[in-house]
Amino acid sequence: MAALVATEAAAPAGPAEAAEAAELSRALSRLLPGLEAESKLGRRRALEALQSALEAAAPEGAAADPAAAAAAFQGPWARLLLPRLLRCLADPAEGCRALAAHLLGLGLRRAARPCDALPRLLPALCARLAGPEPARRPPPEACEELRLALVQLLRLAVDLGGAALAPHLDDAVRVLRCTLLDPFAAVRRESCECAADLARATPDHFHMQSESLVSPLMQTISHQHWKVRVAVIEAAGAVIQFGSGKSVDDVLPHFAQRLFDDVPQVRQAVTCVVGGWLLRLRDRYSFFHKLVPLLLSSLDDEMPGIARSAAGLWEEVGLQWQRENEDDLKDKLDFASAPPAHHPCPENRPGLGCRELVFRNLSKVLPAICHDITDWVAATRVKAAQLLAVLLLHAEDHVTQHLDVLLRALLQACADSEAAVVSSCTRCAELIGTFVSPHVSLRLLWPLLKKSPSAAGLRVLASVIRGCPREALQPHVKAVAAELAQAHICQGSESREYGECLLLCVGALVAVCGEGCRECSLQLTVVLMTVLASAGATGLGDKVEETMDTLAAAGGGGGGRQDLYREHLGPLLEGLAGSHHDWTVHSAEFLQLSVLVAHAGPALGAALPDLVPILSGCLQPARDPHMRLRLFSMLAPVLLRAKETLDAHGQFHSYLDTMVKDILVPNLQWHAGRTAAAIRTAAVSCVWALVSSEVLSATQMRDVQATLLPPVLTTLEEDSQVTRLTSCRIVNLFLKTSGAEADPDKFIKIYPELLKRLDDVSNDVRLAAASALVTWLECIRKDDGMSHLQSDIQHLYRELLVYLDDADPAVQRAVLGVLKAGSALFPDLLVAETEAVVPKHRSPAYCEQLLQHIRAAGRSVTGALGAEPSEPQLEVAAGTRPLSPPDWDVRP
């Protein structure tokens, strides 16, 4: 071995180098035989000794000459150490292989000509790292840490060898194809960095091998470790940059997917790599339409740092393209146009180069965006919508030629369930309104809306209107308002969302045109009334009223929405009158009428000539029962505030007869069924609202009583407690206002019906009936001739005394009040009847109170009126009962 060492050690060029090389050769000659030992412990000790010798032989101090030391080390390294260390890479002992890899790294760093080691180093690395099927079979080197060390050794060889690695590119690429798919994440990451370094080190030859690295890189780009994904993206950037441009199409889909990565560093890497390609890729002009969207997508990244980086790169790309195409842009550069008057951000308007790049590639990009904006993945739709807004901001008025495709895509996208998609699409529609003449945009949009009215279409329309300049939109305001007021548009759907979008359209028109909406306020009011009447518009009332106030203010009125009602209620009712004969409860026109009556307030008083005929026609018994029920329910509160609504102009008395005879009386008549009963309840409520509203004079009240009292008395027998209670109150009010002046024949029929209500299941009804009886008795006291009523009063006394022993104390007290009120009529008769029932009562307390009241009033038991008892009184004394109920009308 000593002779072999002496033979291989050739003399270096200089004396000093020769001496140092000879000394190193002698030192190594004592250690190299140990590498051939049988035991792994012996080989390991020899390698450790070599490591100590190499580290001790390293030049130290300021006086040492690194170049001379490297030249002296080159000979022993290349002839003695390198071949033996390469053989040790296949040593069965893992520790020996690790030491050999470490020593090879030391040798490469110290050697003067590391390139000389490449012909033997690369095949050895390839033998240890490259397997026949890297995706299926494990590599020859089983240890993960050793594979990492060998890849690091390969990267060191690439860094030190540089362009000299070109002849060995096949081996290096073969190694990387395997290590890029290594199970160990650190190996993959190191391999990516090595691939990038290899591409930069061999730019003239790498393109011949670059395509073979693209596939393993793309298989690794979705690795679970984000640092590996970043390394893959950066490596792919270098591989494509210095390799073949044909691989760009294979890489871009994966890069686009990484823009959705949850880790900001990954998205930042994609942005920087794509920006670098747009600036430095040799074939970039062929891929502008594919690369520009990726970079522009990062402008809306949620991380401000990524967005700023993308904006800087995009500006640089635009300036470079502008310089490269200066001849084509000469006129635009020399006569630069000012930003559009209504540009959303004129101070941040993209540069000419950026705008031209987008405009020239928009036709290629737009179809893909319109496809992605309806993708089944929500994140893809969001990103596509954001990108579309950026492109439209760059394209400006050049977007006109693509308007039809854009509007169709926006109509689909604005129906998306993702709020972010809808927000970006409404922004796109606003930009269309800003840059495109409304004559063009509305002409294309209306056919789509007429064909299929939808909330999404109305949202797009509202956004287009909101983006339009006022002076451009003003000539089209009437046409827009007229189209919105068409039934197939404003009544297109009853959903809440549809109503909200209609409100957006009206609000946008008013916000943009202001006073210019005065001429079309009627049509806009129709739209607002339709929204308010919609069954699905629950919760939109405040928004509608706010919009009406804004519309009224734009028209110059200071009274808010009441100005609109005063101005347009008549025409609105005229428009509804033509079709009211065919209405049902579901008719949109009927719902609009309900809204108008409920909200118009004082304006109703001036519209009675139009309103009353419609109400009369809709409330006939032959019409839809549910419609009548709903209309009565809506009419009751209006009648209750008649002074502020129907009689606000003092004209209600002219229509009172129609209201009572044609509307209320027919609906108080009995018909079978629960719906009919509900209608009677609602009609009774309207009667109560009318008579208690204080809008009727005494004469009008008497006329109303004469007409309504008979049907109201029949409703005292209704199954509904509310109906019976309200009817009792109506009768009471009639008696208070004009009871004594009523027809005696009709007047005497009242008390038996009230008396029946004392047996009602509801205590409220019983108490109301008792109150009405008190009023009835007070009316009797005003009558001079009472003798002909004695038998009726006697029967009333007897029936009331029964309820004086009622189980409910409240009813007892109420009946006591009735008897006290009636005691002034025939006190002796009442005393006799009371004393007769005292023994039959469970408690005589109330009877005694009644008797005390009569005595306290100074009435005589023997002569109530200072006259002899009449024949009926004698009959009572004899215990004879009064006339039977069917004979109440017969006078003695």
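**A pocket, a core and a buried leucine**

Let's start with the largest pocket, whose volume is about 590 Å³. Here a pocket is an open set of points on a 1 Å grid over the protein atoms alone, where a 1.4 Å probe fits, with protein on both sides within 12 Å along at least five of seven lines. The volume is the space filled by probe spheres set on those points, which are joined across faces, edges and corners.

Keep in mind that this is a predicted model, where local features need pLDDT of at least 70 and side-chain atom pairs count only at pLDDT 80 or more, while totals for chains, interfaces and linings use all residues. Residues are numbered from 1 along each chain as its sequence is written, and side-chain values use heavy atoms, leaving out hydrogens and water.

Lining that pocket are 24 residues (each with an atom within 4 Å of a point), and Ala256, Pro293, Leu294, Ala368 and Asp372 sit nearest its centre. Helices α12 (248–258), α14 (288–297), α17 (352–372) and α18 (378–395) each give two or more residues to the lining; helices are DSSP runs (H or I, at least four residues), numbered from the N terminus.

Now for the largest nonpolar core, with 303 residues: buried (under 20% relative accessible area, 1.4 Å probe, protein chains only) Ala, Val, Leu, Ile, Met, Phe, Trp, Tyr and Cys joined through side-chain atoms within 4.5 Å. Trp77, Phe255, Leu484, Leu708 and Trp776 touch the most other members.

Finally, look at Leu50, in helix α3 (residues 40–56). Leu50 counts as buried because its relative accessible area is 0%. Beyond four places in sequence, Leu50 contacts (heavy atoms within 4.5 Å) Leu28, Leu31, Leu32, Leu35, Leu81 and Leu103.

Technical notes:
Buried means under 20% relative accessible area, exposed over 50%, partly exposed in between (1.4 Å probe, protein chains only).
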